[in-house]
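Have a look at the sequence and the fold first, then come back here for a short tour. We'll start with one loop and work from there into the core.

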Amino acid sequence: MIEMEDQTNDLSEARIPFLDYKTYTDRVFFLPSKDGDNDVMITGKLDIPEGRKVIVAQALNQFSNLLNSKTFLINFIKTLEGRPDFNARSRVYFASLLTVALHGKLEYYTDIMRSLLLELMEEYVHSKNPKLMLRRSETVVERMLCNWMSICLYQFLRDSAGEPLYKLFKAIKHQVEKGPVDAKMKKAKYTLNDTGLLGDDVEYCVLTLQVLVHGEGPDVTPVKVLNCDTISQVKEKIIEQVYRNLPYSQRPKVDSVALEWRPGSTGQILSDMDLTSQKEGRWKRLNTLAHYNVRDNATLVLSRVLHTHRQIHQNQDSHEETCPCVSG
């Protein structure tokens, strides 16, 4: 608990990465896709010829009026679900679009959802196993229920549940990272999941690095790491500490930064794989701080890189990388 005070004593609502309501609902309602930001059904920006704009606008208004008819909407949903080509993904997508269309009329949306749920319950009682109901979003109404709960939970998450959940996440992450974590398999010495327990007894020690960020002033940020951490793991911990007040989406990615160690007048770029990597037959060990002999209180410089360089190792691509923790 004393260690966690360092993680949470400066934590305020402004520093908890809450999503704004639109981003939150977009992520809940719609599956990630490359065209998500430009999806016409989501953005509502239709590319309509000038001569057809009036007709299309009239048709959309008439369709909107039909959606406000409970009888039509319920029959419309049933008709779509009766089509063989209306698959599970299409049902999720349709339910989310319906949620957006009726978002301003939540009472009406709730009434539609309630009517469909009652019919679904009756169907499961008479023809299916009731215990399996709501296990998967196989119907439009099940996805509607999920979206409805997400809408209703948003303010509660911001006002009440969000902060303790975020602190719990930080506490678990802090506990796991106190010991070695397998860079590839993600097994850890201090894990809450026994199936993810790191079986090998790895010797390690805690180091405090003095990190300078290139181009962002002379301020030094102390960062605690392990000498058995790979360079990518070290970068992740540095980014977590240096940019802790920024939302995750605004933080630099591990591949977009370089880490330089300055033991003296000259610097050395640290990376997971380079010419100094140790070989064991067809395998190569990922480089760690111990591999580079980085000591406690060492000064490292974090800088942005313009391009990500990939090292090519002939005939070893599928076999050479192993976990530094497991392999010692």
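Lys-186 is exposed, with a relative accessibility of 56%; here exposed means over 50% relative accessible area, buried means under 20%, and partly exposed is in between (1.4 Å probe, protein chains only). You'll find Lys-186 in the loop between H8 and strand E1 (206-213). Helices (H or I, at least four residues) and strands (E, at least two) are DSSP runs, numbered from the N terminus. Lys-186 isn't a glycine, yet its phi is positive, at about 65°. Most residues other than glycine have a negative phi. Asn-293 also has a positive phi, near 65°, without being a glycine. Asn-293 sits in the loop between helix H10 (289-292) and strand E7 (299-304), and is partly exposed at 40% relative accessible area.

Back in the loop between H8 and E1 there is Lys-189, which is partly exposed with a relative accessible area of 31%. The charged end of Lys-189 sits over the ring of Tyr-190, 5.7 Å from the ring centre; to count, NZ of Lys or CZ of Arg must be within 6 Å of the ring centre and within 35 degrees of the ring normal. Leaving out residues up to four places away in sequence, Lys-189 touches Pro-180, Leu-197, Leu-198, Asp-201 and Tyr-204, where contact means heavy atoms within 4.5 Å. Lys-189 and Gly-199 are ten residues apart in sequence, and their C-alpha atoms are 7.6 Å apart.

## What you're looking at

This is a predicted model, in which local features need pLDDT of at least 70 and side-chain atom pairs count only at pLDDT 80 or more, while totals for chains, interfaces and linings use all residues. Residues are numbered from 1 along each chain as its sequence is written, and side-chain values use heavy atoms, with hydrogens and water left out.

The chain has ten helices and eight strands. Of its 328 residues, 34% are buried. Take the contacts between residues at least 6 apart in sequence: 62% of them join residues at least 24 apart. The accessible surface comes to about 21,200 Å², and carbon and sulfur atoms account for 54% of it; the areas come from the Shrake-Rupley method with a 1.4 Å probe.

## Aromatic rings

How many aromatic pairs does the structure hold? There are nine. Rings of Phe, Tyr and Trp (its six-membered ring) pair if their centres lie within 6.5 Å; planes under 30 degrees apart are stacked, over 60 edge-to-face, and the rest tilted. One of the pairs is Phe-86 with Phe-94, edge-to-face at 6.1 Å centre to centre and 75° between the planes. Both Phe-86 and Phe-94 are buried.

Tyr-166 and Phe-169 make a tilted pair, with centres 6.1 Å apart and 35° between the planes. These two are three residues apart in helix H8 (residues 140-176), so about one helical turn separates them. Tyr-166 is buried at 10% relative accessible area, whereas Phe-169 is partly exposed at 39%.

## Helices and their buried sides

Helix H2 (residues 21-29) has Tyr-24, Thr-25 and Phe-29 as its buried residues. They cover an arc of only 115° around the axis, so they are on the same side of H2; the arc is that of the directions from the helix axis to the C-beta atoms. Their cover includes helix H6 (88-101) and H8. At the start of H2, a side-chain oxygen of Asp-20 comes within 3.2 Å of the backbone nitrogen of Lys-22.

Ile-77 belongs to helix H5 (residues 70-81) and is buried, at 1% relative accessibility. Apart from neighbours within four places in sequence, Ile-77 is in contact with Phe-94, Leu-98, Leu-116, Val-140 and Met-144. Ile-77 and Val-141 are 64 residues apart in sequence, but 8.9 Å apart in space, C-alpha to C-alpha.

## A buried glutamine

Gln-233 lies in helix H9 (residues 231-242). Is Gln-233 buried or exposed? It is buried, with a relative accessible area of 11%. A polar atom of the Gln-233 side chain lies 2.9 Å from the backbone oxygen of Val-181. Not counting residues up to four places away in sequence, Gln-233 touches Val-181, Asp-182, Ala-183 and Cys-228.

Technical notes:
A polar contact is a pair of N or O atoms within 3.5 Å; within protein, one must be able to donate a hydrogen and the other to accept it, and residues adjacent in sequence count only if both atoms are side-chain atoms.
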